[in-house]
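Dear colleague,

I am passing on the structure below for your own work.

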Amino acid sequence: MAGSGTAHLGGPDDAVLRVTDLTVEFPVGNTGLKVHAVSGISFDIRKGETMGLVGESGCGKSTTGRALMQVPRPTSGRVVLEGEDLAAYDRESIRAVRARLQMIFQDPISSLNPRRTIAEIVREPLVVQWLESVPRSPVARLWHSLVRWMLPLWRTAWRFGRFALGALLAAAVIWIVGEAVDVSALRGVGVAVGIVAGIAAAPLALFIGVTAAAWLVLVLLMGPFALARWLRLRAGRAAFLAEADEKVRRALSTVGLDPDVAMPKRRHEFSGGQCQRICIARALVLEPKLLICDEPVSALDVSVQAQILNLLEDMKAEYGLTLVFISHDLAVVKNVSDRVAVMYLGKMCEVAPPDLIYSEPAHPYTAALLSAIPAPDPTINQRGIATISGEVPSPVFPPSGCRFRTRCPRATGHCEANEPLMREVRTGHYVACHFPLVGEPAPGATRGEDELLVLS
Amino acid sequence: MLEQSSDPRTDQATAQVLEPADEATVPDGTGPAERDAGYQRRKLGVGFWIAVGWLAVLLAAAILGDLILPYGPEQTFRAAGRLAAPSADHWFGTDSNSRDVFTRCVFATRISLLVGVSATLVGLVVGGALGMIAGFYRGTIESAVTGALDVLLAIPFLVLALALLTFLTDEQNQPRFGNISIIVIIALSIAVVPSIARITRANVLVHSQREFVLASRTLGTRNLRIMVREILPNVVPAMMSFALLYIAILIVVEGTLSFLGVGELSKPTWGNMISFGRDKIDDAPWNVLFPSLFMFLTILALNYIGDRVRNYFDVREAGI
């Protein structure tokens, strides 16, 4: 299970968002090792669809959501939003696309700034777009690119130059000691070392000096340019604020809050459900095409969860949204999704409509996930139901072949050697497993003679 | 869903109304618990106004000293004599040069407060910026900034200030540029920068991991705006309480520097009055007592104001 492949992607044209081979890796300190948070997952979302993304904690669901938002940027892969590949864009081009792509977060309270009023918070996306609409001066752009250039260059210069600087310091110490004990030979050594170190350090000093001077000149020049830009912004400010106020009010009333009451308040005056409504209003104020919901109801109590889910359904209809719904709550995902994708350890296991997946899971991991749902029936012995055992392997050293094989009751030597690819086991039901619970085993996937065929 | 929220006018009104008497006129649109919490937070209290009053009187007297005080700070009184006890003519007595201690206490406010406040302000701006950059960008920039600050922090505060002051003045204790107060301010603010930068960085580190910063990033907000609009308002309270503490510390340090014979010696400051009065503390305790009292009351007032203001603007973090 838990494999790669793109067989489950639809035709080229009908997707709002198409993700291919998305990979996100984080370095582990300075060890050179990597956390393989997301390893080559692919999926696409058609217009108006809700894609549920489920999996246990640490499987890379939220990392996927953030990689779609390009915060942080994915290590590799393509994130194509309406024909534009975000992963290939530079930082400046992405800013223009952000209005079409919004996100709401798991903790609604923490994702609102406690010191800003609700009016300011919901207006912020509009303000950011407005600020971007007035271009920054060429000087400021030059300064930004210089800084981005300079830092790695300085780091390299420092790596070589620090020895020269160290020698210079040593020369000074030798010279001072020589002066103190009044031995001219020692003073001579100090001067000699100093001259050699000085010559060695000169290129570094020159380099840092020149770049620092350029930086300073740009900083000084930036002042007047920034003032001119500020005046331009100032001139349009009243009109913008009036327009923004209207949009903020509309967004707040569509999520069911009274704008007059809510706008001057701060987040601590609201409950968790109200905070999530505010977050939704903030995400919707720009009228995005795609909304990524990262566990939007996990932090809320059950009665409020239903309200928020219904609100998301309403918003979806009203704004024509396409949703990515990330959650570990299988029941919630079943209710809201048109298609469900199951993830395990950074890989995609199974993609299918919820009816198929919940009634007849094809992937052993999905089956285990579903059997772990508590049954509201005291006569059922939960412990008696076979689930998977063991721990999730470390994403720093993921297993070879199928990533689920270490815990899979059906795994064989074949699973260790070959990574399963996504394939269709029945109409609309895609699975990455050599020996799925539904349909035929993958072509070429055979069990060794000495391996027991364990079928539950 | 909104049953617990109040009329928005209530919040605006209470935010501006400071006297308790006017609170009764605020329209009551809230549940009792919510209203009480709101009022408790918005009360500054009598102590706050006493502290503000003390500072206002002190500042007015210091600024208008030449007009409203009968004596000058350097004027000597042969008639009263040296180290005269407090009397109707000389409320706080006279010092060893027969100068009026009360007048000098009032005039000393100028230098003492100027040095304390402006050095702290410079330290706040520079240290705050450094701490913000170090905490926000992490990585190479952070290690460079914190490395440099750790070197400064390793030197004891007074020694660092003394070294800087000595470096910036010549052998005759004359400033190499500007005037001596500016030199003292520069030296003290350099000495303050590392501590403030540290406090700021620690707080920025915490707040830049919060989800509202992530939310702001997903909007495509530029780093400068995130720093100023999202993080700074959350960091300012910690910086302010620290800065108010440092105003007090710097007033004392300025006095210590005067006592050590560097810095401002020609004009009265609370610090140098205490330092010079110490020799005669047995014969004329008023020489030390009254400047100390002024310093004590001012520092108390500053700290109290800082505390009340912080409470006043504090927002509760918890919601659920």
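A polar contact here is a pair of N or O atoms within 3.5 Å, and within protein one of the two must be able to donate a hydrogen and the other to accept it. Please keep in mind that this is a predicted model. Across the interface of chain B and chain A, the rule finds eleven residue pairs in polar contact, both residues being at pLDDT 80 or more.

On the chain B side, helices H1 (8-16), H3 (32-42), H7 (139-154), H10 (211-218) and H11 (223-259) each supply at least two of the residues that touch chain A, and H11(B) gives the most, with seven residues. Sorted by class, that side has 14 nonpolar, eleven polar and 13 charged residues.

The contact takes 38 residues from chain B and 48 residues from chain A, and the area buried between the two chains is about 3,800 Å², of which carbon and sulfur atoms give 53%. In chain B, the residues that lose the most area to chain A are Glu211(B), Leu219(B) and Arg222(B), together accounting for 20% of what that side buries. Five salt bridges are found across the interface of chain B and chain A; Glu211(B) also meets Arg66(A) in a salt bridge between their side chains, at 4.0 Å from N to O.

Within chain A, an open sheet of eight strands with mixed pairing runs in the order E6-E7-E8-E3-E9-E10-E12-E11, with E6 (101-104) and E11 (423-426) of chain A as its edge strands. Strands E7 (290-294) and E8 (322-326) of chain A pair in the parallel sense over five bridges, and Leu291(A) has Leu323(A) in E8(A) as its bridge partner.

Best regards

Notes
Residues are numbered from 1 along each chain as its sequence is written. Chains are lettered from A and ligands numbered from 1 in the order in which they are written. This is a predicted model: local features need pLDDT of at least 70, side-chain atom pairs count only at pLDDT 80 or more; totals for chains, interfaces and linings use all residues. Side-chain values use heavy atoms; hydrogens and water are left out. Contact means heavy atoms within 4.5 Å. Buried area is the accessible area (1.4 Å probe) that two parts lose on being put together, summed over both. A polar contact is a pair of N or O atoms within 3.5 Å; within protein, one must be able to donate a hydrogen and the other to accept it, and residues adjacent in sequence count only if both atoms are side-chain atoms. Helices (H or I, at least four residues) and strands (E, at least two) are DSSP runs, numbered from the N terminus. Ala, Val, Leu, Ile, Met, Phe, Trp, Tyr, Cys and Pro count as nonpolar, Asp, Glu, Lys and Arg as charged, and the others, Gly among them, as polar. Two strands pair if DSSP finds at least two bridges between them.
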